[in-house]
Amino acid sequence: MTAETSQTLDRGLRVLKLLADTDHGLTVTELSHKLGVNRTVVYRLLATLEQHALVRRDLGGRARVGLGVLGLGRQVHPLVREAAMPALRSLAEDIGATAHLTLVDGAEALAVAVVEPTWTDYHVAYRAGFRHPLERGAAGKAILAARRPAAQRAGEPTDDDPGYTLTHGDLEAGACGAAAPLIGVTGVEGSVGVVMLSEVVPERVGERVRHAAREVAEALR
């Protein structure tokens, strides 16, 4: 801690991060041990966070992340979209296909940023706000592939996993897609991809999409 920082705020943010990393919540005693502070301090932190709906406590006394974080989360998409735009523009122009950034929204894949190429005679119309099940389409399947422990640890292509996903006709007849997951971005689960009218995805597209996903991930870190 430095003179310019707030110890109380730092502890409050650490509480939120600890709670976000668990599905079953934490008790005051567990938080006290993890933070290295006494129980009285934890009680005060939780009471303050509860007032802002950022934390809730169940009947058993375990603290969990509160619904108030959803209001903060709504502001994440514009920030992520802005950071991703340069890489998406480059990808769309290079490949000549519609590029997109897709994030997880519950059990669905949600397109939050879309860039169409400027020089092609035609391309697939794909709009921000479009959503589909994670199990369909290159964008969702790339995200699911990244949930495998080996892929999360490495983030690099292997013989079994090239680091990107290719699909054909999953979401629209005659359209194919390529997508690569965002790797190593805390709190953001998503993918970068392209969609094009083609029978097959050209050989270089998969690797180019993976490179774009890496660029977006670096911009978000």
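Predicted model: local features only at pLDDT ≥ 70, side-chain atom pairs only at ≥ 80, totals over all residues.
Biologist: How many helices and strands does the protein have, and what makes a stretch count as one?

Modeller: There are eight helices and eight strands. Both are DSSP runs numbered from the N terminus: helices are H or I with at least four residues, and strands are E with at least two. Along its principal axes, the C-alpha trace spans about 65 × 35 × 30 Å.

Biologist: In what order do the strands of the open sheet lie?

Modeller: The six strands follow the order S5-S4-S3-S8-S7-S6, with antiparallel pairing. Strand S5 (131-133) and strand S6 (165-168) are the edge strands, since each pairs on one side only. On average, neighbouring strands are turned by 30 degrees against each other, direction ignored.

Biologist: What joins S7 to S8?

Modeller: Seven bridges join these two antiparallel strands. In one of them, Ala180 has Val192 of S8 as its partner.

Biologist: Why is S7 called largely enclosed?

Modeller: A residue is buried under 20% relative accessible area, exposed over 50%, and partly exposed in between (1.4 Å probe, protein chains only). Seven of the seven residues of S7 are buried, so the strand is largely enclosed by the rest of the structure. Both of its faces are covered: Ala175, Gly177, Ala179 and Pro181 lie on one side, and Cys176, Ala178 and Ala180 on the other. In the protein, buried residues make up 41% of the 221 residues.

Biologist: Which helix packs on the sheet and touches S5 and S6?

Modeller: Helix H6 (residues 137-146) does so, and it also touches strand S3 (98-105), strand S4 (108-115), S7 and strand S8 (190-197). Contact means heavy atoms within 4.5 Å. The direction of H6 makes about 30 degrees with that of S7. Axes are lines fitted to C-alpha atoms, for helices over the stretch in contact, and angles run from 0 to 180 degrees between N-to-C directions. Helix H8 (residues 203-220) lies across S3, S7 and S8, and runs at about 145 degrees to S8.

Biologist: Why are H2 and H3 called roughly perpendicular?

Modeller: Helix H2 (residues 28-35) and helix H3 (residues 39-51) pack at about 110 degrees, with their axes 9 Å apart. Angles under 35 degrees count as roughly parallel, over 145 as roughly antiparallel, 65 to 115 as roughly perpendicular and the rest as oblique. H2 and H3 are therefore roughly perpendicular to each other. The contact is made by Val28, Thr29, Leu31, Ser32 and Leu35 of H2 and by Arg39, Val42, Tyr43, Leu45 and Leu46 of H3.

Biologist: What makes the aromatic pair of Tyr126 and Phe130 edge-to-face?

Modeller: The structure holds one aromatic pair. Rings of Phe, Tyr and Trp (its six-membered ring) pair if their centres lie within 6.5 Å; planes under 30 degrees apart count as stacked, over 60 as edge-to-face and the rest as tilted. The centres of Tyr126 and Phe130 are 5.3 Å apart and their planes stand at 65 degrees, so the pair is edge-to-face. Tyr126 counts as buried because its relative accessibility is 9%, whereas Phe130, at 34%, is partly exposed.

Conventions
Residues numbered from 1 in each chain as written. Heavy atoms only, no water. Pairing = 2+ DSSP bridges.
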